Amino acid sequence: MSLEQRLEQVSRGWRGPALAALIALLAGLPGVFGMPPLDRDESRFAQATAQMLESRDFVVIRYQDQPRFKKPVGIYWLQAASVAVVSAAEDREIWAYRLPSLLGAMLAAAACAWGAAAFFGNPLGLMAGILFASSFLLSTEAFIAKTDAVLAGTTTLALAAMARIYAANRSGGDVGWRTRLMFWLGISMAVLVKGPVGVLVALLTGLALWAWDRKAPWAKRLGWGWGLIILAVIVGPWATAVTVATDGGFWTTAFVGDLAPKLAGGQESHGAPPGYHTLGTFLLIFPATLLLPAALAHGWRHRDEVGVRFALCWLIPSWLMFELTPTKLVHYTLPTYAALIWLMVAALREPIGIRARWIGAGLASFAGLLLSAVVFYLLSTFGASASVTGAAMTGVLLVSAGLVGSYFLIRQASRTGALVAAGLGLLGHGTLVGLFAPSLSPLWLSRETEAVLTQARLLPRQGMTLSPVAVAGYAEPSLVFALGTKTNLGDAEDAAEALADDRPAVVESREQAAFEKALKARSLKPHLVGTVKGQDYSNGDDMTLRVYAPQEIPAP
């Protein structure tokens with residue numbers, strides 16, 4: 001049985017999207033359980049969700065004693081539901097907070113396959129889902145407990161439903177109510193998770209189609225009447241409640257304090273010139289990189305085809321929007337990746353030209369080598385003997401994904417090459433985030449500090465010491481998530497005061513002189529129970545954290 005026949009067999013009906021979702025599950029699962037809590041955004045989201053569960057306030061979002069009015073409540077509700085079902089807030093198990101992101105990535109891959117099948121058939125629809133699921137960016141966002149994987153899933157679902165409506169209108173076919181429902185559920189959940197981003201992507205796609213076709217009869221078939229009711233029912237109750245609870249402060253902060261600065265300039269040092277997203281795509285979409293040149297060439301040549309036209313109208317306007325926005329982060333363009341993947345699988349319908357094959361092979365090989373080089377740089381800088389095996393496995397798999405996929409591509413076995421590259425890339429990403437990266441102890445200062453406190457029976461949730469822990473000179477959210485909501489992020493005086501109150505303290509070396517002076521003023525002689533050395537990767541600073549107990553710890 002040929003590859004095409006096997007793809008046809010396993011991609012019929014619901015099986016194609018389901019298999020794509022399974023691949024996304026396998027791609028994200030190693031990181032869900034392997035990676036420590038990440039700084040800064042993931043731990044901020046997780047900590048805010050933990051506080052939501054602790055306080056039972058599911059309307060106003062807070063990080064410690066500060067309001068967190070940057071994103072709508074959707075991701076916090078999803079995380080809270082996940083933690084309530086499989087864990088508990090006091091356990092501080094980060095994997096429980098990551099499950100919604102994993103489900104979001106699975107939804108993105110399934111929706112990508114479902115939408116592509118309407119234009120290119122079930123086998124290529126399945127290939128689209130597999131390539132998206134195994135892409136480096138989506139499989140990474142799948143294990144990070146924040147908004148972006150869920151936004152990708154909901155936006156891709158909405159655009160896939162829109163694509164099916166557009167295709168049915170062009171062919172004279174019928175569209176069932178379930179497809180319209182998928183569109184409005186995707187849009188509504190995207191709004192509840194990250195505000196206007198999903199709506200903007202859908203709106204720009206629709207406007208581009210209208211401008212290209214000079215008409216948009218398909219728009220009348222979206223089900224506006226009951227669709228807007230669904231949007232109001234999903235978003236309205238919380239929007240009303242948070243407006244009342246914060247006296248409108250949420251919206252002022254969200255739009256004036258968060259959105260406007262991103263549009264005006266590079267917020268929080270995340271500014272970059274236009275072209276930033278485009279230059280990074282060959283790495284972020286790896287190992288599908290080998291089909292990038294073919295996708296672009298095919299998109300231009302076949303721009304009048306229905307499926308290609310929709311993909312271009314989805315990809316180009318939204319991509320330009322993200323490129324022209326001064327604030328840039330690598331994940332911003334993720335809601336458009338399915339459109340790029342669609343162009344890739346569309347290119348597989350015909351033999352790929354020699355120029356596109358060689359350029360694609362070169363890009364994919366370079367991406368695999370570059371990612372492998374990063375792995376060995378991290379090993380040489382932060383690794384130990386325990387990290388060598390993981391580094392070797394990761395490097396070999398990532399290089400193989402690029403080189404082996406390129407070999408098949410050059411030999412004109414494009415579909416085989418894409419699938420082999422996806423499989424090797426998935427394995428390489430799994431060893432990276434499940435085995436190698438977690439072994440780089442100098443990067444995980446909060447994890448190591450928590451371990452020292454746990455071994456000394458000073459961790460507040462162990463119930464054997466007074467809380468909160470005072471921390472001087474180190475304020476990353478991952479440590480707050482590990483030690484608890486009341487963790488005192490202060491200075492040397494706060495650390496000394498904690499020890500005077502029989503509470504533990506953590507002091508970074510830059511605060512050490514002031515800390516010793518404060519101890520002398522209070523005639524305190526605390527017990528040093530451990531030292532943690534490493535690098536705060538959020539800002540690149542080398543750190544030495546010393547953990548103190550108020551008195552000698554008796555042997556267990």
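Figure 1. Helices here are DSSP runs of H or I with at least four residues, strands are runs of E with at least two, and both are numbered from the N terminus.

Two notes on reading the views: residues are numbered from 1 along each chain as its sequence is written. Because this is a predicted model, local features need pLDDT of at least 70 and side-chain atom pairs count only at pLDDT 80 or more, while totals for chains, interfaces and linings use all residues; side-chain values use heavy atoms, with hydrogens and water left out.

**Figure 2. Arg214 and Asp247, with positive phi.** Arg214 is not a glycine, yet its phi is positive, at about 65 degrees. You will find Arg214 in the loop between α10 (197–213) and α11 (224–245). Asp247, in the loop between α11 and α12 (249–264), has a positive phi near 55 degrees. Arg214 counts as exposed because its relative accessibility is 73%, and Asp247 counts as exposed at 73% as well. (Exposed means over 50% relative accessible area, buried under 20% and partly exposed in between, with a 1.4 Å probe and protein chains only.)

**Figure 3. Gln64 and its contacts.** Gln64 lies in the loop between β1 (62–63) and β2 (66–67). With 18% relative accessibility, Gln64 counts as buried. Leaving aside residues up to four places away in sequence, Gln64 touches Gln51, Val480, Thr485, Lys486, Thr487 and Leu489 (contact means heavy atoms within 4.5 Å). Along the chain, Gln64 and Asn488 are 424 residues apart, but their C-alpha atoms are separated by 9.6 Å.

**Figure 4. Helix α2 packed with helix α19.** The axes of α2 (residues 15–34) and α19 (residues 414–436) are 7 Å apart, at an angle of about 15 degrees. Axes are lines fitted to C-alpha atoms, for helices over the stretch in contact, and angles run from 0 to 180 degrees between N-to-C directions. The two helices α2 and α19 are therefore roughly parallel (under 35 degrees; over 145 is roughly antiparallel, 65 to 115 roughly perpendicular and the rest oblique). From α2, Ile23, Leu26, Ala27, Pro30, Gly31 and Gly34 meet Leu426, His429, Gly430, Val433 and Gly434 of α19. This contact of α2 with α19 divides into 6 nonpolar, 5 polar and no charged residues. (Ala, Val, Leu, Ile, Met, Phe, Trp, Tyr, Cys and Pro count as nonpolar, Asp, Glu, Lys and Arg as charged, and the others, Gly among them, as polar.)

**Figure 5. Helix α17 packed with helix α18.** Here α17 (residues 354–382) and α18 (residues 388–410) pack at about 175 degrees, with their axes 8 Å apart. That angle makes α17 roughly antiparallel to α18. Their contact divides into 16 nonpolar, 8 polar and 1 charged residues.
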